[in-house]
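Welcome! Here is a short briefing to read alongside the structure, arranged by topic.

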Amino acid sequence: MLDEINMTPEQIKGIKRIVITACGTAYHAGLVGKYVIEQLVRLPVEVDIASEFRYRDPIIDKDTLVVVVSQSGETADTLAALREARRRGARVVAITNVIASSVAREADDIIYTWAGPEISVASTKAYTTQLVAMYLLALYLAQERNTLAAGNIKEILGELKSIYAKAQEVLDNAAPVKEFAQQYHRSEDTFFIGRGLDYAVALEGSLKLKEISYIHAEAYAAGELKHGTLALIVENIPVIALATQQSLFEKMVSNIKEVKARDASVIALAMEGHTEVAKIADRVLYIPKTHQILAPILTVIPLQLLAYYMAVYRGCDVDKPRNLAKSVTVE
């Protein structure tokens with residue numbers, strides 16, 4: 001039910017490209033959206049940080065669908081990007097958590113995330129619901145443009161409806177994350193690696209860790225390790241390796257071996273059944289089997305918990321990290 005989407009079938013079929021723009025965590029949700037929309041809808045998707053989008057003279061026209069993502073609906077740069085897109089003739093879909101916010105009022109179409117109030121500065125459930133909104137938008141566009149069979153759409157929707165139980169299962173089996181955090185909370189550097197959708201989620205995991213524990217954290221596309229990053233991998237440095245994508249699993253195993261050869265300490269995230277990774281990683285956290293495209297919903301939970309436990313062990317204020325505000329309403 002997308003009651004606030006008012007595009008006609010003709011308008012949907014007339015879309016030539018999609019641009020997603022947002023800031024911070026919402027931007028990372030947009031990166032997942034890019035992979036999903038391109039795969040399901042077969043349209044080119046560009047993702048841009050809103051503070052860059054508004055100043056780079058973007059190529060936008062009436063055949064471009066612009067998707068803006070903002071938890072508060074008041075993010076200054078995202079709101080400015082929305083206005084710039086509309087000025088150039090694009091149709092704008094807003095994904096937001098706040099009814100009657102500025103973004104919701106000014107967009108042509110809206111998908112509310114219904115996450116409820118989120119008090120902590122670091123976004124968690126808002127990110128998860130933004131992912132769900134991206135999936136629903138992608139499936140809707142795929143349905144209207146006939147790029148995905150009805151049976152495939154039904155399959156993904158069915159899995160989406162039941163994924164909450166699997167999310168609870170991840171929460172209930174997070175002891176390895178806590179143990180890893182206890183052992184490595186004094187580290188000053190941490191790296192996240194992944195490929196495809198896992199890389200998009202790794203970026204969010206890295207942001208959460210630096211945001212609330214103040215540990216320097218970076219996320220890299222695992223295939224880029226040889227292009228400079230391996231120089232930073234030294235003995236006992238924590239590396240969180242995401243390996244949930246079946247088509248990229250063997251490549252990720254190879255990348256994990258690369259960092260282990262430099263004596264890094266690796267905690268790996270993989271889908272149930274991928275036991276090969278246990279032979280090379282120091283710890284493995286398995287997520288329940290789900291449709292591969294939906295894995296980010298489950299994969300991000302251990303990364304959020306890792307940031308939480310790291311912050312707690314370091315004595316940080318988890319809900320109110322220094323120098324940050326919940327809603328960024330100024331440049």
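Where does N236 lie? N236 sits in the loop between β7 (216–221) and β8. Helices (H or I, at least four residues) and strands (E, at least two) are DSSP runs, numbered from the N terminus. This is a predicted model, in which local features need pLDDT of at least 70, side-chain atom pairs count only at pLDDT 80 or more, and totals for chains, interfaces and linings use all residues. Residues are numbered from 1 along each chain as its sequence is written, and side-chain values use heavy atoms, with hydrogens and water left out.

**Residues with positive phi**

- Most residues other than glycine have a negative phi.
- N236 has a positive phi, near 70°, although it is a residue other than glycine.
- N236 is partly exposed, with a relative accessible area of 45%; buried means under 20%, exposed over 50%, and partly exposed in between (1.4 Å probe, protein chains only).
- N323, found in the segment after α11, also has a positive phi near 70°.
- With a relative accessible area of 76%, N323 is exposed.
- G89, which follows α4, has a positive phi near 95°.

**Helix α6 against helix α11**

- Two packed helices are described by the angle between their axes and the distance between the axes.
- α6 (residues 125–145) and α11 (residues 295–313) pack at about 165°, with axes 10 Å apart; axes are lines fitted to C-alpha atoms, for helices over the stretch in contact, and angles run from 0 to 180 degrees between N-to-C directions.
- α6 and α11 are therefore roughly antiparallel (angles under 35 degrees count as roughly parallel, over 145 as roughly antiparallel, 65 to 115 as roughly perpendicular and the rest as oblique).
- On the α6 side the contact (heavy atoms within 4.5 Å) is made by Y127, T128, L131, V132 and Y135, and on the α11 side by P296, I297, V300 and Q304.

**Helix α9 against helix α11**

- α9 and α11 pack at an angle of about 20°, with their axes 9 Å apart.
- That angle makes α9 roughly parallel to α11.
- Among the α9 residues in this contact are V201, K208 and I212, which belong to a set that meets α11 residues including V300, L306 and A307.

**A closer look at K208**

- K208 is found in helix α9 (residues 197–213).
- Is K208 buried or exposed? At 2% relative accessibility, K208 counts as buried.
- Leaving aside neighbours within four places in sequence, K208 is in contact with T25, A122, S123 and A307.
- K208 and L306 are 98 residues apart along the chain, yet their C-alpha atoms are separated by 8.8 Å.

**Helix α4**

- Nine of the 12 residues of α4 are buried, so this helix is largely enclosed by the rest of the structure.
- The buried residues of α4 include A76, D77, L82 and E84.
- These buried residues pack against β1 (17–22), α3 (50–53), β3 (64–70), β4 (91–96) and α5 (102–106).

**Helix α10**

- The 12 residues of α10 (residues 249–260) should span 16 Å at 1.5 Å a residue, which agrees with end C-alpha atoms 16 Å apart; the expected span is 1.5 Å times one less than the number of residues.
- F249, M252, V253, N255, I256, E258 and V259 are the buried residues of α10.
- Their cover includes β6 (189–194), β8 (238–243) and β9 (265–271).
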